[in-house]
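My notes follow the structure.

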Amino acid sequence: MKQVVQNYKSGELSVLDVPVPGCKPGGVLVRSAFSLISTGTELMKVSEAGMSMVGKARSRPDQVAKVMQSVAVNGLPATYRKVMGKLDSYTPLGYSLCGVVEQVGAGIDDVKVGDLVACAGNEHALHAELNWVPKNLYTPVPDGLAPRHAAFGTVGSIALQGVRQGEPQLGEVALVIGLGLIGQLVVQLLTAAGVRVVGADPDPSRCELAVRLGAVACGDPASATVATAVAELTDGHGVDQVYLAAGGGSNQPVELAAQLARDRGRVVDIGKCRLDLPWNAYYEKELDVRFSRSYGPGRYDPSYELEGRDYPIGYVRWTERRNLACFLDLTARGRVDVEPLISHVADFEDAVETYRSLKDGGLKAVAVLFRYAGAAGEAQPEAPKLTVPAVRRAATTAAPARAATSPVRLAFVGAGNYATSMLLPHLAQREGVALSTVVTTTALSAANAQRKFGFARATTDLDAVLGDSSIDAVFVVTRHSSHAELTRRALLAGKAVFVEKPLALTEEELASVLAAVEESGNDRLQVGFNRRFAPLLREAKARLGARTGPASLRYLVNAGRLQHGSWYLQQGTEGSRFEGEGGHFVDTASWLLDADPVSVYAVAPSGNEDLQVVLRYPDGSTATISYVTSGAPGFPKETLDLLADGKVLTLDDFVRASVYFEGGTAGRKRWVSSRLPKARDKGQSNELAAFVRAVRTGGPMPVPLESLVATTAATLAVQASLGGGAPVALARSL
């Protein structure tokens, strides 16, 4: 299929061939009929992409702050690779469309194939021929509403949520500053609610349009027209509400709002404009400043948008989806008229030229629609069937050694940030490795990975990869909840498997992986526990030497807080944060102590996510992992101390290591890493080299299966210990 994309680094726009997205449970696959260009938000994004790197930084100071924090925690080289990788990637455009349901995912019963739906979301309602849309981001289109009008649903919801934040009442007077697409819709919604509206915009044509659509008066904010109209309509008291629907760097909108609002009036920010509030003016009138968050309640909440968990209507009357349905209903009943807003309808194939015309000013428009093949004349496109291949479950044996001259052919399932920043850069340049296929459920990430790393093929069909006898190994780099099942299937297909941590989120999932090993005879499995392969830590362990007595190990992990919206917070489906990441630290401790733990005890302070995990080992050694989210972000992420036999090993965030030991003329000696590494090397390159070598030669995998299982079981035991308040003993057999 085709999709509109932009390279944020170069600013290049293109219509790209990408794989068809998979139809996941909890959503529907929609074939686009019309999609709407947001002439405000999208053009701002397009313009930013054309800026220099300095210009991009100035336009997004929030992102610059995140980059600086990443430099402090991860170092400049790793941060540079991560940032440049994100910049030099295709990004999607679009967030409002109407289309026809082509395939229905499991758990969906409110629509069927062939139904017309309006869709929302900057990750799900893209300018693309096909989109997968989760349940709470689509709604059926009312009978009689044209698809081209239903495509306004998302932008209409943004305007509607802004109006709701203003709490308009019958007979009030409102001022709308900025009469672009959102402003024109706000004017109509307020008029439908019985509010008299004055508009302000420097463009005379937009003022004329707003008057046609219901505004009492409109004019240039720099003229006396707007102030005069407000004074006449309010007897000099000022408007009850001001809606800021303007963009740009001028502070004029907030100053005009203070000038024309009544005492204790409401000012609602809908657009993205400068907000340097003049303190005296806002203080003296005690103005109530409010923000409108996009489409409504549910926005930026993964449990609502991705998992389909609705808010009870008694507590949250107007959610994203209910706002979307409400706007479509108002439009279907003629209370809102979007047809006069449509300045241009372009064929989807002409998307690049359309954006260029908008950016260059050749096309002056309030609203522009893309029309997709089959949508001409408002006819609903025919929804062809998609056939999902059956899952292969035939038992196989492990792959034999390969010829020295034959490359090891790899497939990636998943191509998110970790895969593209920490794994693929090492593999793409490695001699004797062929990147065969990348598999994702979202088409654009597959296309990005194929372009940047040279995969021969990009697809959304996992079964085709598992059935390809030329592929030697499969990398599973997806969300945590899918790791065990994908690993199980790949093992049964006879592939060597590299799965990012965690291997499993439950005992049942772990048992299913082991059952696949037993059924297939294929134990070619590696979990991404990379720290034991870190050069600095390996040298420090060699310097420490063999132990004769038990050891005491302390591992402090300054994990930090997650950003709002991170999928790591979706504990219901993706497990706890420690279940997802903790295997790293358990594995490192066990490798340093040359044993697997026999018991786990975990405690957590009330009210936060900090954990203290104590692992006990067969020889009496103990390892304490302090997993802390409440620490200072500038402190190193990982520090480690190991004490045994009169010796001490210390590790400072994979930047410096030391070993202290008895002996010598002064009674003690010390080894310190001879030089600071250029970057924090946490072992990914060495780990991947070891895995590829094992696949090529048919030799043992880098980490014994018994150790992988023990680490996973210990990580899972943390939650069991927290629930029971007591140590959990670990079984010692597979």
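I start with the cut-offs: buried means under 20% relative accessible area, exposed means over 50%, and partly exposed lies in between. The model is predicted.

**Entry 1: Glu-307 and Arg-309.** I looked up Glu-307 against those cut-offs. Its relative accessibility is 24%, so Glu-307 counts as partly exposed. Its salt-bridge partner is Arg-309, with the closest N and O atoms 3.1 Å apart. Arg-309 comes out at 45%, so I file Arg-309 as partly exposed too.

**Entry 2: Asp-594 and Lys-541.** I then took the salt bridge between Asp-594 and Lys-541, where the closest N and O atoms are 2.9 Å apart. This pair links distant parts of the chain, 53 residues apart. Asp-594 sits in the loop between helix 23 (583–593) and strand 24 (599–603), while Lys-541 belongs to helix 20 (residues 535–544). Is Lys-541 buried or exposed? At 18% relative accessibility, Lys-541 counts as buried. Asp-594 has 60%, so I list Asp-594 as exposed.

**Entry 3: Arg-680 and Asp-653.** Here the side chains meet in a salt bridge at 3.0 Å, N to O. Arg-680 is in the loop between strand 30 (668–672) and helix 24 (684–697). Asp-653 is in the loop between strand 28 (647–652) and strand 29 (656–662). The pair therefore ties together parts that are 27 residues apart in sequence. Asp-653 is buried, with a relative accessible area of 2%. Arg-680, at 22%, counts as partly exposed.

**Entry 4: salt bridges overall.** How many salt bridges are there by this rule? I noted a count of 29. I also found a network of salt bridges linking Glu-167, Asp-288 and Arg-290.

**Entry 5: nonpolar patch.** I checked the surface for nonpolar side chains. Leu-275, Leu-277, Val-289 and Phe-291 make a patch of about 310 Å². Val-289 is placed in strand 14 (residues 288–291). Its relative accessibility is 31%, so Val-289 is partly exposed.

Entry 6: I traced an open sheet with parallel pairing and the strand order 19-18-17-20-21-22. Which strands stand at the edges? They are strand 19 (457–459) and strand 22 (525–527). Each has a single partner strand, so one side of each is left without a neighbour in the sheet. Neighbouring strands of this sheet are turned by 20 degrees against each other on average, direction ignored. I followed one pairing further. Strand 20 (residues 473–476) and strand 21 (residues 496–499) run parallel over four bridges. Ala-473 stands opposite Ala-496 in strand 21.

Key:
Residues are numbered from 1 along each chain as its sequence is written. This is a predicted model: local features need pLDDT of at least 70, side-chain atom pairs count only at pLDDT 80 or more; totals for chains, interfaces and linings use all residues. Side-chain values use heavy atoms; hydrogens and water are left out. Two strands pair if DSSP finds at least two bridges between them. Helices (H or I, at least four residues) and strands (E, at least two) are DSSP runs, numbered from the N terminus. Axes are lines fitted to C-alpha atoms, for helices over the stretch in contact, and angles run from 0 to 180 degrees between N-to-C directions. Patches are made of residues with over 30% relative accessible area and no salt bridge: like charges are joined within 9 Å, nonpolar side chains (Val, Leu, Ile, Met, Phe, Trp, Tyr) within 5 Å. Accessible areas come from the Shrake-Rupley method with a 1.4 Å probe; for residues, only the protein chains shown count as cover. A salt bridge is a side-chain nitrogen of Lys or Arg within 4 Å of a carboxyl oxygen of Asp or Glu. Buried means under 20% relative accessible area, exposed over 50%, partly exposed in between (1.4 Å probe, protein chains only).
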